[in-house]
Amino acid sequence: MAVKTLIEGVREALAEEMERDERVWVLGEDVGRKGGVFLATEGLYDRFGEARVLDTPLAESSIVGVAIGAAMNGTIPVAEIQFADFIHPAFDQIVSEAARIRYRSNGDFSCPIVIRAPFGGGVHGGLYHSQSVEAFYAHVPGLKVVIPSTPEDCKGLLKAAIRDPDPVMFFEHKKTYRLIKGEIPEGDYVTPIGKAAVRREGANLSVFAWGLMVHYCLEAAEAVAADGISAEVVDIRTISPLDKPAILASVEKTARAMVVHEDNLTGGFGAEIAAVIAEEGFEMLDAPVMRVAGPDVPAMPFNKPQEEFFLPGPERIAAAMRKLASY
Amino acid sequence: MATAKETRHLSLGLDSERLQAMYRQMVLARAVDRRMWVLNRQGKAPFVISGQGHEAIQVAAANAMRPGHDWLVPYYRDLAFCLALGQTPRDFMLSVFGRAEDPNSGGRQMPSHFGSAAHRIMTKSSVVGTQICHAAGIAYAARMRGLDEVAVTCIGEGGTSQGDWHEGLNWAGVHKLPFVCIVQDNDYAISVPHRLQMGVDSVAKRAEGYGVFGVSVDGGDLLSCFEVMRDAVERARTGDGATLVSAKVARFTSHSSDDDQRRYRPQAELEALLRRDPIERLRGYLLDEGLMTEEVDERIQQEATAEVDDAVTYAEQAASPVPEDALLNVFAKGA
């Protein structure tokens with residue numbers, strides 16, 4: 001197996017799915033000749049042509065709206081929103097339309113689209129190139145919300161998303177695009193949506209995270225191991241549907257639970273995981289569920305000190321682990 | 001001696017049989033529409049929303065399309081359109097009563113939220129404007145797949161103020177899509193008049209700005225509507241580009257059963273509306289030109305009433321949805 005970056009996982013999944021199924025196509029701003037601002041679609045334009053690798057007008061609502069229409073007529077669009085921060089104009093199309101098409105037609109219509117968007121901070125993106133938006137969409141039945149954290153998962157989950165008969169929100173942490181490298185298996189494979197993955201086994205506490213935070217949690221777990229704390233790190237991978245059995249199985253093992261996300265604390269998806277553990281795993285707990293998250297300010301500042309202050313890092317997570325372990 | 005009117009309908013390739021069939025579709029839609037208001041007043045239908053006065057442009061458009069081949073991405077006043085494309089009064093009344101068997105939504109959506117994959121009528125939400133982008137997407141996919149399908153979408157003039165309307169028209173122009181947008185301009189968006197909605201008398205004037213064809217038509221005159229829609233659909237099918245049609249129509253009813261238009265429309269204006277009835281206008285034409293007798297007209301009216309009676313009886317007796325079935329069809333089975 002070859003070691004590759006996470007963004008190569010995106011690119012390979014798109015190319016292979018477009019090769020496998022001519023109904024699959026991509027659309028978005030700058031996805032064509034330029035190959036995307038992060039080069040996620042690099043090479044696709046030359047290989048598959050303009051009709052299937054389409055540069056769109058600068059209008060996110062129509063990127064999703066056109067994708068929805070095209071899905072009605074026998075195609076499988078993969079829409080790229082250039083930054084998750086700019087997805088908000090398409091909220092109506094995603095929530096009122098894509099998510100409800102199967103339900104409101106009582107199964108007469110379905111909406112097999114994928115909406116990809118880079119999210120997350122730590123890249124000096126400031127308020128409008130750093131946001132985490134997963135909680136908005138996790139609240140919407142009818143949508144699946146997937147966040148890969150490794151190159152292998154990125155490719156396998158994106159393939160699964162493209163083959164899924166329902167709309168899938170696919171959020172890729174932009175800082176992981178080139179930072180995170182790993183082996184990508186040769187040949188065609190699919191990583192099932194809805195399954196969490198234990199990235200590090202542990203006995204004293206369980207940490208649940210997704211995207212970049214998985215890697216920071218692994219660093220933190222390594223750091224606290226020196227203090228004799230054995231932290232289990234669970235990569236949630238798909239926010240929706242949520243793998244509750246995997247979460248509860250881990251808590252049963254460790255009796256202590258922590259959720260880490262870079263979205264701000266209040267109403268973040270960590271609240272839902274904490275609620276699940278409280279509701280279904282209360283008897284297993286030896287300590288209150290802890291949340292480590294971005295502060296409740298509107299978004300991540302551009303300057304380095306404040307960006308670092310906002311983003312939970314390995315040291316902050318390790319400190320929280322020590323606190324939880326000693327409760 | 002042939003009159004100008006006769007040459008007009010013949011020049012459109014419409015014989016008396018075809019015109020009568022379109023008249024029948026309009027009469028049926030009106031009968032269904034009127035009955036739903038009766039059901040509302042009887043307390044049997046919690047909510048209704050109407051297309052009375054809009055029938056000519058809708059029936060003309062449906063007859064210019066290939067039903068089951070071309071697509072309609074509708075809005076909530078398209079009752080006559082959907083019936084003319086092959087939905088039945090039973091299909092509609094099942095939705096008025098919110099029955100399990102309702103083919104539009106299984107009783108989940110309010111009435112007039114049409115949808116039928118079999119008829120290629122895309123399922124509609126209550127959101128105004130989103131559908132324009134869907135029609136552009138359907139048209140783009142048809143082009144990509146090499147199919148000669150046309151996507152027709154409808155909206156009121158109020159909806160043209162939405163960003164999605166603009167974005168969808170822009171797509172249609174950029175790609176010269178097989179796309180037709182019919183703006184059914186009835187002068188009011190609930191209570192907000194045309195003059196507070198836009199700075200032009202006809203929204204079709206915006207067409208050039210999008211790179212699409214624009215045409216304004218008397219939406220109450222079936223023949224004019226048919227001519228405009230025949231050309232627009234032909235233009236779309238042959239790859240010559242998209243069309244924006246502004247059809248002036250009369251809104252006979254209040255916005256919905258939860259509205260009373262007497263609160264914001266002058267009495268004289270409401271009375272004047274009645275002279276703009278598209279069904280009366282076509283009826284007059286058919287009788288004047290000897291294309292239909294009074295007896296035939298009477299039979300058409302009676303048959304429409306009978307069909308509505310049947311639909312109401314059927315729908316009223318049909319089963320309500322099972323409560324727990326509210327949990328179904330969120331995702332595909334097994335997905």
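Helix axes are lines fitted to C-alpha atoms over the stretch in contact, and angles run from 0 to 180 degrees between N-to-C directions. Helices (H or I, at least four residues) and strands (E, at least two) are DSSP runs, numbered from the N terminus. The model is predicted: local features need pLDDT of at least 70, side-chain atom pairs count only at pLDDT 80 or more, and totals for chains, interfaces and linings use all residues. Residues are numbered from 1 along each chain as its sequence is written, while chains are lettered from A and ligands numbered from 1 in the order in which they are written.

In chain B, the axes of α2(B) and helix α11(B), residues 278–288, cross at roughly 150° and come within 10 Å. The two helices are therefore roughly antiparallel (angles under 35 degrees count as roughly parallel, over 145 as roughly antiparallel, 65 to 115 as roughly perpendicular and the rest as oblique). The crossing of α2(B) past α11(B) is left-handed. A crossing is left-handed if the near helix is turned anticlockwise from the far one by less than a right angle, and right-handed if clockwise. From α2(B), L19(B), Q20(B), Y23(B), M26(B), V27(B) and R30(B) take part; they meet P278(B), I279(B), L282(B), R283(B) and L286(B) of α11(B). This contact comprises 8 nonpolar, 1 polar and 2 charged residues. Ala, Val, Leu, Ile, Met, Phe, Trp, Tyr, Cys and Pro count as nonpolar, Asp, Glu, Lys and Arg as charged, and the others, Gly among them, as polar.

A residue is buried if 20 or more other C-beta atoms lie within 10 Å of its own, exposed if 12 or fewer, and partly exposed in between; C-beta atoms are placed from the backbone. Among the buried residues are R90(B), D91(B) and F92(B). The partners of α5(B) in packing are α2 (16–41), α4 (79–84) and α12 (294–317) of chain B. G98(B) follows α5(B) and has a positive phi, near 65°.

Chain A has 13 helices and 14 strands. Of the 327 residues, 57% are buried. F136(A) lies in helix α6(A), residues 134–138. It counts as buried because 21 C-beta neighbours lie inside 10 Å.

The chains also meet: 35 residues of chain A are in contact with 35 residues of chain B (contact requires C-beta atoms, placed from the backbone, within 7 Å). On the side of chain A that touches chain B, α3 (60–72), α4 (91–97) and α5 (101–104) each give two or more residues. α3(A) gives the most, with 9 residues. By class, this side of chain A has 13 nonpolar, 14 polar and 8 charged residues.

α3(A) packs on helix α6(B), residues 130–144, at about 55°, with axes 6 Å apart. The pair is therefore oblique. α3(A) passes α6(B) in a right-handed crossing. Contributors include G65(A), I68(A) and M72(A) from α3(A), and H134(B), I138(B) and Y140(B) from α6(B). The contact holds 11 nonpolar, 7 polar and no charged residues.

Note on methods. Two residues are in contact if their C-beta atoms, placed from the backbone, lie within 7 Å.
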